[in-house]
Amino acid sequence: MESREIRQRFLDFFVKHDHKVVPSASLIPTDPSVLLTTAGMQQFKPYYIGQADPFKDFGSKNVVSIQKSFRTSDIDEVGDDSHLTFFEMLGNFSFGGYGKQEAIKLVHEFITQELKLKIDYVTIFSGDGQVKKDEESKKIWQDLGIKDVRECGRADNFWGPTGSEGPCGSTTEIYVNGIEIWNLVFNEYYCRTDGALEKLSMFGVDTGMGLERLAMVGQEKKNIFETDLFAPIIADLPASIIDEKTKRIIADHLRAISFLITDGVTPSNKGAGYVLRRLLRRVIAGNHDVAPMIGLVVDNYQTFYPELNQPKILKIFDEEKTKYSEALRNGLRELEKLSKIDTITAFKLYESYGLPFEVIKDHYPDLSRAEFEKEFERHQAVSRAGIVGKFTGGLADHDSKTIKLHTAHHLLLASLQQIFGKQIKQRGSNINQERLRLDFSFDRKLTDEEKKKIEELVNQKIAEDLPVTKKEMSK
């Protein structure tokens, strides 16, 4: 079964069972607590805690989506049989529409009847001092004929936010051919930052199933890179690339690059732009002609993701290649002069020449990515401290002129997003009594006509004299 058919069958199945299809959210999240969209449930967080009404927005309490997702934590693991950066997450979600019984029956029917796959075993939460054992899920599975129900602790079968607040609850996971393919989260609680749990007024269902793993199982492949999601790209890579791990890295990164750029990420030395630059330069570093493979990625995905923008992807790829080629020559010359290297030296090579950690690590395999990231974070902290010392005014300046410029700042950002789309993201600002500066990400200079249009829109809103209210609210 081809991946295209799996996607369509998944959506059709849940539409048949009274779910509304919700399009994938952007890889650039609205949630400031995460760098990139990592799961299908992120765009639905407000519905689980009662801040938004699903019936008003979707016409149903039950929805289904195929979400573009990205996890930065796995970048260094890419190249083995299972780790990826970009992936697609298939999920069905319910905001008070149904409970464990229907949720489990739906996934059981889809796996065993739609896909004709055999479930090896499932896992449930074994319980602890805070939350009881999930006896209900165990019984539902057993009644469906699944006798191998394994009990696991909080690390495996309880989902909750890390370091922040949010909905959480016990999970049940489904294994096929020894591989976990689907995870069902039952959002019954709200987790506070101190770990305290409060019962939610509404029971929520949040499920996630990786398309790549599902395709591997459904297509009876040994690993994800043999599926139709990767095989065409790998087959057409230049013959000069003989190392299997390198082929997998390039195939993964080309997919990720294509989707990140399309969703508005541009290469930079911070945030999501830094992630994109790492991927681009890792692909470019091998000096292989892989740009034509971007066309294969677009061809493979454009039917389902028509927004994929091949000219924009190639333009940014070529620009970064030119910048990197010059920096790489200079950086490699410096690297070759060294007889040994530590984390601080590695970071200086990155900072001065843009030499990626991956290229340095190829020469010095014992270098630690974690230590390099710590040095990167330390450098950012020093930079932020320098900025605070350099500029006066801003949020700490409550002069009436400054307050007006703060309002103008919001109008300016809203105007940019209205004209160019929500992909416009603020990257910094500085406001004092004399002037306002807004930094934002964009792939080119604005034309004089565009600047005039922005100015007119801001002035129009000022002229409308819209009411502005100040209200202190609880978190």
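This is a predicted model: local features need pLDDT of at least 70, side-chain atom pairs count only at pLDDT 80 or more; totals for chains, interfaces and linings use all residues.
The chain has an average pLDDT of 89, and 95% of the residues score at least 70. Over residues 386-394, by contrast, the pLDDT is below 50.

In soluble globular proteins, nonpolar side chains tend to be buried together. In the present model, the largest nonpolar core comprises 99 residues. Within this core, the residues with the most contacts are F10, W141, I174, W182 and L254. The surroundings of I174 illustrate how these residues are placed: when residues up to four places away in sequence are not counted, I174 touches V107, I111, I119, Y121, V122, W141, I179, E180, I181, W182 and L184. Two of its partners, W141 and W182, are themselves listed among the residues with the most contacts inside the core.

One cavity of 30 Å³ or more is present in the structure, and the largest cavity holds about 60 Å³ of space. The residues lining the largest cavity are Y274, R277, R278, R281, Y350, G354, P356, F357, E358 and R369. Two or more lining residues are given by each of the helices α10 (271-285) and α14 (357-363). The largest share, four residues, comes from α10. Classified by residue type, the lining of the largest cavity contains five charged, four nonpolar and one polar residue.

Conventions. Residues are numbered from 1 along each chain as its sequence is written. Side-chain values use heavy atoms; hydrogens and water are left out. On a 1 Å grid over the protein atoms alone, a cavity is a set of points where a 1.4 Å probe fits but cannot get out, and a pocket is an open set with protein on both sides within 12 Å along at least five of seven lines; lining residues have an atom within 4 Å of a point. Grid points are joined across faces, edges and corners, and a volume is the space filled by probe spheres set on the points. Ala, Val, Leu, Ile, Met, Phe, Trp, Tyr, Cys and Pro count as nonpolar, Asp, Glu, Lys and Arg as charged, and the others, Gly among them, as polar. pLDDT is the predictor's confidence in each residue, from 0 to 100. Contact means heavy atoms within 4.5 Å. A nonpolar core is a set of buried Ala, Val, Leu, Ile, Met, Phe, Trp, Tyr and Cys residues joined through side-chain atoms within 4.5 Å. Buried means under 20% relative accessible area, exposed over 50%, partly exposed in between (1.4 Å probe, protein chains only).
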